[in-house]
Amino acid sequence: MMRLVQRNGWVAGLLVLLIILLIATKIIQPDFGASGVESLGRASVPFAFATAAMAIVVIAGGIDLSIAAMMAVCSVTAARLMVGAGDGETVLIVILVLALGALMGAINGAMVVLTRVPDIVVTLAMLFVWEGTALLILNTPSGAATQWLRDLILGSLSIPGLPERATFIPKSLVFVVICLIPFWFIMHRTKLGLSIYAVGGDPVAAFRSGVPIGRTRIIAYSLAGVLAGLGGLSLTMSTGIGEPIPGPYLLASVSAVVLGGVALSGGKGGIIGPIVAVFILRLVRMDLTLMSVDPNVTTIVEGTIMVVVVMLGGMLAMKGRRP
Amino acid sequence: MTTTVSTGQRIGRFLRDNPLIPLILLLLVLVAILEIRQPGIVNERWVGNTIKFAIPLAMLAACQTLTMYTGGIDLSASVVATIVAFVMATQVPVIGVVPGILLAMVPAVLIGLLNGFGVGICGVHPLIMTLGTGLIGTGFLQVYQRTVIASGSVVPESLQWLGTGRTFGAPNALVLFIPFAIAILFIQNRTGFGRLLYALGSNEKAARLSGVRSWQVYLALYTLSGLIAGVTGLLYVGLIKAPSLSLVEPLMLPSVAAAVIGGTSIFGGRGSYSGTIIGALILTVLGTMLTLLQMPEGGRRILFGAIILALTAIYLRITDQD
């Protein structure tokens, strides 16, 4: 019960921070409106999926350094297959890419379970493997994306009967929310989700309570793989091409997961917190750009936010331990 | 019957007591494969080159090895090395060689202290802390680059001599590396500081209760790691001769891999720097082999990842048979 209150308190705090930032953005840039929210939403989509993937693995007590590389594999696969693909074929391609993500995640998980090598080392090695795979599939950025798929995240939601200007909810945001609902449901409302939390919190206790540790870990990694697949798809959807070199999603997802209140030791936190954290981090970046701050200074600010947050969190945790 | 030990178990036990032997055997096997595939390649010159390229990797891997003893990791090491190399190369034309090098080491110490502060005093997970400071360091480096774009860069002769030169066929970098390796081995085996690192890694609570002021150890450890990374940067820029903003980045993941292949436990409390040195040599030979295979870049990366994973898994099986 206490944990539930704490967790929701953290998410509520993040939401307040997000609202403050949105107000600050409006003050910095009085024109900030539908198009601003739209570009914020579109820029956040791949980060949101990468972060959700990382969050699930971290909750299960692991860490997956290969998420950005898996996204690259999914992105290039989708872009390559979608060249000249019809609308119907695209549905098949999407399913195929998500299955590919699940397969890659399952391989990661199986390697962790079978070799008994620490997660961080296994996924470090798999990072090279997936990077290589992406390069083999597509050597240079190219490919295409089907238009109706791209339309899913481009632009704002138009509600019939309302004028175009009044609809400020970006489609990308709706897309992320719809895609993440099943994962939220799995993590918080099913036995599998409970097992994932149990394995991450205390593997020995979980084992003695009859939770199949190995299988649960592999499933957690596969879920992350599906999310990485969605992330890769969204990359192709927003750019229209496939990019074989992984983007900066590894670092960003780890910092969003930490900021979102997920403990790196596993078993604590949720998916909503990290997603809110993604929007906060993206919004900070956008605000700094709006204030015409050097983008490199933006990197410093982002890093400082991350470090200060984790240091404060660490201090608070220590205070709690020594009452 | 109960006292008979099977040959397999006996070999396993022997290897567990001497974890360096399988590593050296593996290194020799890799060299042999290379010689079979490309007869005549293994000569004095090749050995010198391999050692030359393995040394910066082994030095950067020292950061990972030492921090891993306490169950940590230093992902900011490559950024620190790059910063030191870049600041040094751009400051030398302005203020001279020795002041330039000294000035360049300042950010290394600062980042090290910050890491130590975060890990030791705030109790932040080292992975996150060093990832964050690495990000901050990269940002500062990019901003700094804007301010020195006009001044150009110089890699001092002395560093080039150290990085690329050879004396009687042996790379000059050994002049730096042999004392360095002896110092690290001395620290880990013969000093109280070294023992404290292992103690904190095996059981931090027990170490604390025995009166270890862990924050002092962490502060010293991460500062030392920053210093080592800085020196690595100086050596590496002497080898590559062209400072850039991502100079040492390609060594980052291999440095973690070298420490892990060398038998250092990422969870702390176990390992030795001698294993890391062999690990760095293995990775360098592996790199040569993959280059010679004339595969596409993608295929090489896949093989590299697969081999690292396989080696680590096999090594863990051999040395952890209980």
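Author: Happy to! One term first: a residue is buried if 20 or more other C-beta atoms, placed from the backbone, lie within 10 Å of its own, exposed if 12 or fewer do, and partly exposed in between. This is a predicted model, where local features need pLDDT of at least 70 and side-chain atom pairs count only at pLDDT 80 or more, while totals for chains, interfaces and linings use all residues. Residues are numbered from 1 along each chain as its sequence is written, and chains are lettered from A and ligands numbered from 1 in the order in which they are written.

Reader: Great. How many residues of α5(A) are buried?

Author: In α5(A), 17 of the 19 residues are buried, so the helix is mostly covered. Helices here are DSSP runs (H or I, at least four residues), numbered from the N terminus.

Reader: And what span should α5(A) have?

Author: The 19 residues of α5(A) should span 27 Å at 1.5 Å a residue, and the 26 Å between its end C-alpha atoms agrees with that. The expected span is 1.5 Å times one less than the number of residues.

Reader: What sits in the loop between α4 and α5 of chain A?

Author: Arg116(A) has its place there. Its phi is near 60 degrees, a positive value in a residue other than glycine. Arg116(A) is partly exposed, with 13 other C-beta atoms within 10 Å.

Reader: Back inside chain A, then. How do α2(A) and α10(A) pack?

Author: Helix α2 (residues 34-59) of chain A packs with α10(A) at an angle of about 170 degrees, and their axes are 8 Å apart. That makes α2(A) roughly antiparallel to α10(A). As for cut-offs, angles under 35 degrees are roughly parallel, over 145 roughly antiparallel, 65 to 115 roughly perpendicular and the rest oblique.

Reader: Which residues make that contact between α2(A) and α10(A)?

Author: Among them are Phe49(A), Ala52(A), Ala53(A) and Ile56(A) of α2(A), with Ala224(A), Leu227(A) and Leu235(A) of α10(A). By class, the contact of α2(A) with α10(A) has 16 nonpolar, three polar and one charged residues.

Reader: Tell me about Leu227(A). Is it buried or exposed?

Author: Leu227(A) counts as buried, with 31 C-beta neighbours inside 10 Å. Leu227(A) is found in helix α10 (residues 213-239) of chain A. Not counting residues up to four places away in sequence, Leu227(A) touches Phe49(A), Ala52(A), Ala53(A) and Phe183(A). The C-alpha atoms of Leu227(A) and Ile56(A) are 9.7 Å apart, although 171 residues separate the two along the chain.

Reader: Nice. On to chain B: how do α2(B) and α13(B) pack?

Author: Helix α2 (residues 20-37) and helix α13 (residues 273-292) of chain B pack at an angle of about 20 degrees, with their axes 10 Å apart. That makes α2(B) roughly parallel to α13(B). The residues of the contact include Leu23(B), Leu27(B) and Leu34(B) of α2(B), and Ile278(B), Ile282(B) and Met289(B) of α13(B). They divide into 16 nonpolar, four polar and one charged.

Reader: What follows α13(B)?

Author: Gln294(B) does, and its phi is positive, near 55 degrees. The helix α13(B) itself has 20 residues and reaches 29 Å from its first C-alpha to its last, close to the 28 Å expected at 1.5 Å a residue.

Reader: Last one: where is Arg13(B)?

Author: Arg13(B) lies in helix α1 (residues 7-17) of chain B. It counts as partly exposed, with 13 C-beta neighbours inside 10 Å. Arg13(B) and Ile318(B) are 305 residues apart in sequence and 8.6 Å apart in space, C-alpha to C-alpha.

Terms used: Axes are lines fitted to C-alpha atoms, for helices over the stretch in contact, and angles run from 0 to 180 degrees between N-to-C directions. Helices (H or I, at least four residues) and strands (E, at least two) are DSSP runs, numbered from the N terminus. Two residues are in contact if their C-beta atoms, placed from the backbone, lie within 7 Å. Ala, Val, Leu, Ile, Met, Phe, Trp, Tyr, Cys and Pro count as nonpolar, Asp, Glu, Lys and Arg as charged, and the others, Gly among them, as polar.
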